[in-house]
Amino acid sequence: MDKGKAVMEGVGRRWAVDFTDNSTSPSSRDIPDPLGFSRASLDQDDSTQSRQKKDAESNWKAKKAWEVAQAPLKNLLMMGFMMWMAGNTVHLFSIGITFSALWQPISALQGVGKVFEPYKDSRVELLGPKLLFIALNLGGLALGVWKLNTLGLLPTHASDWVSSLPPAQDVEYSGGGVNLH
Amino acid sequence: MAMAIRAFLIFVLFLSSTQFCFSLYEDQVGLMDWHHQYLGKVKHAVFHTQKTGRKRVLVSTEENVVASLDLRHGDIFWRQILGTNDAVDALDIALGKYIITLSSDGSILRAWNLPDGQMVWESSLQGLKMSKSILNIPKNLKANKDDLILIFGQGCLHAVSSIDGEVLWKKDFSGQSIEVQQIIHSPHNDIVYVAGFVGSSNFYVYKVNAKNGELLKDNNVELPSGTYGELLSVSSDMFVVLEDTRSKIVMIDLKNEEINYKYSHISDLIKYSSGQAVILPSRLPGIFALQLNSHSILIKVANEGGLVLVEKINDAAAISDAVSISEGQHAFAFVQHEDNKIYFTVKDVDNWNADLLKERIVIDNQRGNIEKIFINNYIRTDRSNGFRALIAMEDHSLLLVQQGDIVWSREDGLASVVDVTTSELPVEKKGVSVAKVEQNLFEWLKGHMLKLKGTLMIASPEDVVAIQAMRLKSSEKSKMTRDHNGFRKLLIVLTRAGKVFALHTGDGRIVWSVLLRTLRKSDACERPVGLNIYQWQVPHHHAMDENPSVLVVGRCGPSLAAPAVLSFIDAYTGRELNSLSPAHTVAQVIPLPYTDSTEQRLHLIIDVNQQAYLYPKTPKAIDILQHEFSNVYWYSVEVDNGIIRGHALNSRCNREVVDEYCFDFRDLWSIVFPSESERIITTTRRKLNEVVHTQAKVMTDQDVMYKYISKNLLFVANVAPKARGEIGTATPEESWLVIYIIDTVTGRILHRMTHHGCQGPVHAVFSENWVVYHYFNLRAHRHEMSVIEVYDQSRADNKDVWKLLVGKHNLTSPISSYSRPEVITKSQSYYFTHSVKAIEATSTAKGITSKQLLIGTIGDQVLALDKRFLDPRRTLNPSQAEKEEGIIPLTDSLPIVSQSYITHSLKVEGLRGIVTVPAKLESTSLVFAYGVDLFFTRIAPSRTYDSLTEDFSYALLLITIVALVAAIFVSWVLSERKELQDKWR
C-alpha cells in the first residue's frame, strides 16, 4: 500500500528518494527477496542473536543429557545377554560377568555428577535425566544381584547361614565297649 | 564368611575333580613317609654253615616271619611273612641250600632258597590228630639218592624228599594214642626211633626203617611214676625226663634193643636243693640243663648212666644249643645277665675246666632279661675259634654279640605294636638351637641353586642325585621341636613285650624307649600283658611348662580277673612318672571328656564287678566328676551272650573300706539280641577326639540337612550264628548280616538293617554322622562296602533365613539323647574288590577338609578312597547341579586307582591297624600304619590347599622378583633418557 501511495504521491512530485531502509519490512518492497535469502537472521540484533544461540545450546544439552541418561539401557540389555550366555553355573566367566555387571552400575552411580557435568546449565533441567540414569543403573545393579543370586552366591538360603555352625554338644557322655583283652 | 568358605570349597571340589588321585612322583618317595621293616621276637635261628660261605643268619619269629639277616649289620637280606595262623614250629637248613620250615602245627612244610628267599617247594602233610611237631633233618639219610627230611606232625611220621618236597612214606601213629616227643635218627644204621608216652608214665619206642617207613619193632615200658614236661634226648640212645614230683630225674636208655630206666634224686646232685625243677630244651651232647629256683644247673650224663653236676650258674641264664667246632668237639654258650652287663661264656662240652671264651658286655638296661641265645663259631685269622652269639632279649630285641661288643641290635619289638597314641614335641625356645646341624649360608645358597637347576631342568644326573639326597636328609623334618604345621610329633607305641617306644614322625627313629617295670614278669605278676595306651595329660593352656604324659594300662595275666597295672610315662623323656598296681581288675577304660586344672584327663577304669575307679585320684577330680555325675554313662558289650547293656553312675561304692574314688553303676537298659539268629561280631564308635566342622549338609538345591552328630553312637554288626565262620562255610540262605546304630545313653536303636546272604568279617569305621562297613556278599561272591548316613530330622525345620540371621535358633545349644530326636538314614552299597584288614577315616584339625577312607587291603597296602565315592546321594545320572557339587555317577563297584595307594610300592607286612592324627595344617592328616612293619606318611585328602608344596622353589621366586625389579629400573632409566632426547630435538 505504501508503494501505491508513493506512486500516487509521486504524481505531484517529479521524484523522491526514500532513505528509510525498508529492508526489514519486505512487504513494503515490490521486489521479492532473492531465493534462499532469509531475512530473519539478518533481522536479529546482537542481543537477540546471543540469546537465540543460548537457547539452541540448552536445547541441545537437554537432548544430550537425556541421551546420556538412556545410555545404560543399552548396557543393561547387553549385560542381560551376556548373563544369559554365561549360564547359571559358577565359573570364572560367569563370576567375572556378574561382578562386572555389579561394578559398572556402582561406578556409574558414583560418577553421576561427572557424567552430567558437561550438560550442567542453569537453564537445563537435569533432574529428569539424572533420575533416569540412576534408575537404569539401579536396574543394572538389580540384574547383577539377581544373577549373583541365581549363581547361588547370595546368602538367601538357610544353608548359607548354618553351614558354618558348629555341631551341638552332647549333654551326656557314654563310653565303654567290649571288655579289653 | 560362609560364602567365602563355600566358594572356596567349590573351588577345591573343582580342583579335586580335575585330578582325583593323589599320587606321588617317584622322587617324592621318602620325603614325608618312612617305612621300617621288623621281624618280631626270634624263636629259631640257624647260622649259615661255613660251607655256604655268606655271613648270614636265618631266623623265624613269633610274627611268623622267616628272614635272612646280614651278620655284619643286621640288615634284612630277604624276608617272607607267613599268614597270621601259620606259626613256624621249626626251622633248619637242608642240602646246604634250602631252608626248611615246618609251620601250622606240623602240617605245612616249605623249602626256601637260601640266597634269595624264593620258595622252592611246599608240601602239605595230612594227619588226623594234633600233636607236637618235630622237624628232623638227619645228615646222610638217603633213599634213592634223595636226602630225607623226617617230620612228625599231625600224629604221623613223614619222610619227605628234600629236593622236591614229595612225601616218600608216611607212618601213622594216631591210632596208638601215643604222645610222640622225640624222633631220633641213628646215624650208623638207617633206623629212626620214635619215642613218646602213652599217658604220662607208659614209655613207648618204635623202631622204624628210615628207607621205607616199615615198623621194625615196638617196645614199651611202664615207669613206676608219672613224668613231667618234655622228654629230652641227650644222646642217640639216651633220654631224660622229670618225674612228676619234679624232684627226680628219669633217665631212659635204649641200648641193646631194651629199655632201661633209672631214677636219680636232684638233691643228690645239689645239696639243699628244693623247689620245682624244669628241664631246659637246649640240645647238648651228653649234657642237659635244669632250671631250679632261678639257678641253671648243667648235668653231665656219664657213660655208665650216672649223673654228674658240672656247673651251677647263678642268676637267670640262657643256654644255647651245642655247635660243633671241630671233629668230635662241641661247644655251647650261656649268658648271664646282671644289671646292665651280660656275661657271655663259651665252654667246651667235654672239657669243663677252661672257658673257650668269657666276655663281659655292657648292655642297655631297657632290654630286660635274655630269653634266647644262638651261637655260631668262626675261624679267626690265627686259626683259633671265635664265637658270635645272637641274643633275643625280653623286649623282643635282637643283638649280635661278637668280640666283647654288641655288633648290631634290632628293635624287633616294634613288630608287635599293641596300641598307639601321639604326643606333641616340646616348643622351640629362643636361644636354644635344636637342629643338630645348622646350615651355613653358603650351603643354603648351594642347596637352593641346586633346586633351581632342578626346576629349570638343567641339572645333571649327579645334581639330581644330590638334590634327592638333600631333600631326604632335610634336618627340618627330624628336629626335636614342634613345627608350625604340626607334622612333627611323637608316636608313642606300646608293644606286646611291654616296652613303650616314642618314634619321631619325621624319620621314625626311636626317641626313647622304656621297658615298663610293671609289665615285666615278676612274682606278683606272672604273665603281664599291656592293653592300651591313653593320653593322660596334654598340657596346652594352663600347664604349659609341664611335660605331656601317657597312661599305659595293663593286666597281670590274660584273664579278665587278673589285677590291673597302670603306668604313667613322661612323653618327652620316657621316664616312668608313677606306676600303680591297684587291687581292682580292668575290664574297660573310659577316658572322660573332662580335664582337671593341670590338664590331666579324667579316666574311669571299670573292673569286672562293674565298679568304676576314678583316676587321677585327687579331690579335684572328684569335684569335676560330681559336677557331671548324672551325665556319665557306660555301656558294655557282652559278645558271648549277645547283650549290650547301658549303665549310669549311681553312688559311691558300698564297701567296708571306704574308697571315695570308687563308684557304683546302675543298669539302665539292655538290648538282647536273639542268640538263635544273631551274634555280635563287630562294634565301632566314633573317635573321642574327632573334630566336626559343621552340622549342616547342604544339598544341591540349597536345601539343608542336619547331620546327627553324637559321640554316643555305636555301630553293631551281627551275623547269623551259622555264618560266623570263614567265608564259604555257610550258604547264602542261612547267612545274614544285621547292622544296628544304637544310642548308648538311652539304648535307643536309631537304625537297623539286614543284609541277606551276607556275612562277616565286618570292618567298620564311624566318623561324623556316617558309618562305612565292609563285609562279604555270598550271593554276589564279592566283598561289599556300605555307607549309612544319619540325619537329624527334628532340626530340619530351621530354615527361616531371618531367624538364622539374628541367631534365633537352638542349633548350637547342647543336645540331650533323651530328647529323642527324629532321625533319618540314607544308605547305599557298592562292590569292593579287596578283602580288608583295617579301615580308618582321615582326621584333620578342624574337620573342614573332605574325608578319605584309609583301607588296609589284604595285600598289606593302604588305599586312600575318597568318601565321595561312598555317598548315598550318588545316582546313575546326576543332574548338572549335582555334578558340580561333586557327586559322582553311581557305579556298582568302588574304583581302585593304583595311584591312590598311600603306601605306593611298599607293603606294611602283617598290617593290623591304621591310626590317623590331625596335623595343625587343616589340609593334612598324619597316617601311621602298623603291623610287622611300620609305615608313616602324611596325606592331604583335598590336596594341600593351604600351603605351598614341598618343592616350591623360593629361590626361583626371589630371583624372579629381583629380575623384575631390575628390569623396571633399567627400563625407567632408558625411558627417561629417551624422553630427554626427544625434548632436545
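**Figure 1. Glu768(B) and Lys707(B) are both buried in this predicted model.** Buried here means under 20% relative accessible area, exposed over 50%, and partly exposed in between, with a 1.4 Å probe and protein chains only. The two side chains meet in a salt bridge of 3.0 Å, N to O. A salt bridge requires a side-chain nitrogen of Lys or Arg within 4 Å of a carboxyl oxygen of Asp or Glu. Glu768(B) sits in the loop between β56 (758–767) and β57 (770–777) of chain B and Lys707(B) in strand β52 of chain B, so the pair ties together parts 61 residues apart in sequence. Elements are DSSP runs numbered from the N terminus, with helices (H or I) of at least four residues and strands (E) of at least two. Arg367(B), Asp395(B), Glu411(B) and Lys499(B) are joined into one network by salt bridges that share partners.

**Figure 2. Glu690(B) forms salt bridges with Arg686(B) and with Lys851(B).** The Glu690(B)–Arg686(B) distance is 2.8 Å, N to O, and both residues are buried. In the pair with Lys851(B), the closest N and O atoms are 3.1 Å apart. This pair links distant parts of the chain, 161 residues apart: Lys851(B) is in the loop between β60 (836–841) and β61 (852–857), and Glu690(B) in the loop between β50 and β51 of chain B. Lys851(B) is likewise buried. Over all chains, the structure holds 33 salt bridges.

**Figure 3. Strand β12 (residues 146–153) of chain B is covered on both faces.** Eight of its eight residues are buried. In a regular strand, side chains alternate between the two faces of the sheet. One side carries Asp146(B), Leu148(B), Leu150(B) and Phe152(B), and the other Asp147(B), Ile149(B), Ile151(B) and Gly153(B). β12(B) is joined to strand β10 (residues 134–136) of chain B by three antiparallel bridges, with Asn136(B) partnering Leu150(B). Strands pair if DSSP finds at least two bridges between them. Strand β13 (residues 156–161) of chain B also runs antiparallel to β12(B), over six bridges, and His158(B) is the bridge partner of Ile151(B). These two strands form a hairpin with two residues between them, where Gln154(B) in the turn has a positive phi of about 55°.

**Figure 4. Chain A and chain B meet through 31 residues of chain A and 60 residues of chain B.** Contact means heavy atoms within 4.5 Å. Six bridges join strand β1 (residues 173–178) of chain A to β47(B) in the parallel sense, and Ser174(A) stands opposite Tyr633(B). On the chain B side, elements giving two or more residues include α1 (2–18), β44 (588–595) and β47 (632–638). The largest share, seven residues, comes from β44(B). That side of chain B divides into 34 nonpolar, 18 polar and eight charged residues. Ala, Val, Leu, Ile, Met, Phe, Trp, Tyr, Cys and Pro count as nonpolar, Asp, Glu, Lys and Arg as charged, and the others, Gly among them, as polar.

**Notes.** Residues are numbered from 1 along each chain as its sequence is written, and chains are lettered from A and ligands numbered from 1 in the order written. Local features need pLDDT of at least 70 and side-chain atom pairs count only at pLDDT 80 or more, while totals for chains, interfaces and linings use all residues; side-chain values use heavy atoms, leaving out hydrogens and water.
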